[in-house]
Amino acid sequence: MKNTIKLSGFLWILIFVPLVLTYADVSLPGLISDNMVLQRNTNVKIRGWAAPNEVVQIHFLDSTFKSKANTNGEWSVMLSDLNAGGPYKMTIKAGNTITINNILIGDV
């Protein structure tokens, strides 16, 4: 009886975990948040996590950037030649939407 319970629990995990990963929300590291400052006049990488192979769209400074999460769910985009200014807003969309407010570009 114990082996049957363990096996059924194991099968439940095999079925449930891929379903959860399929519908994973886009997420960001803690440094990418409201009130952040991005370095001007250089390349800045914005990265995060989403469902594996999910397309992620980033709207920033009147431009749209696209990335596709790899098989581990990691994605990134490179922002280049940012001029000093702000405050700006960044919207990141995939399975969900994250909006980052009050972004400044200057010297970090």
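The model is predicted, so local features require pLDDT of at least 70 and side-chain atom pairs count only at pLDDT 80 or more, whereas totals for chains, interfaces and linings use all residues. Residues are numbered from 1 along each chain as its sequence is written, and side-chain values use heavy atoms, with hydrogens and water left out.

The secondary structure consists of 1 helix and 7 strands, taken as DSSP runs numbered from the N terminus (helices: H or I, at least four residues; strands: E, at least two). Along the sequence, the pattern is α-β-β-β-β-β-β-β. Of the 108 residues in the chain, 27% are buried; buried denotes under 20% relative accessible area, exposed over 50%, and partly exposed in between (1.4 Å probe, protein chains only). Among contacts with a separation of 6 or more, 56% join residues 24 or more positions apart, a contact being heavy atoms within 4.5 Å.

Within S5, Ser76 stands opposite Arg47.

Trp75 also belongs to the largest nonpolar core, which has 21 residues; Leu38, Phe60, Trp75, Met90 and Ile92 touch the most other members. Such a core is a set of buried Ala, Val, Leu, Ile, Met, Phe, Trp, Tyr and Cys residues joined through side-chain atoms within 4.5 Å. Two or more residues come from each of S2, S3, S5, strand S6 (85-93) and strand S7 (97-106).

Which residues form a salt bridge with each other? Asp107 pairs with Arg40, their closest N and O atoms being 3.0 Å apart; the criterion is a side-chain nitrogen of Lys or Arg within 4 Å of a carboxyl oxygen of Asp or Glu. Asp107 lies in the segment after S7 and Arg40 in the loop between strand S1 (37-39) and S2, so the pair ties together parts 67 residues apart in sequence. Asp107 is exposed, at 55% relative accessible area, and Arg40 is partly exposed, at 31%.

Glu54, in the loop between strand S2 (44-49) and strand S3 (55-60), is buried yet has no salt bridge. The nearest side chain of opposite charge, Lys68, is 11 Å away (Lys and Arg count as positive, Asp and Glu as negative; His and the chain ends are not counted). A polar atom of the Glu54 side chain lies 2.8 Å from the backbone nitrogen of Gly95.

Methods: A polar contact is a pair of N or O atoms within 3.5 Å; within protein, one must be able to donate a hydrogen and the other to accept it, and residues adjacent in sequence count only if both atoms are side-chain atoms. Two strands pair if DSSP finds at least two bridges between them.
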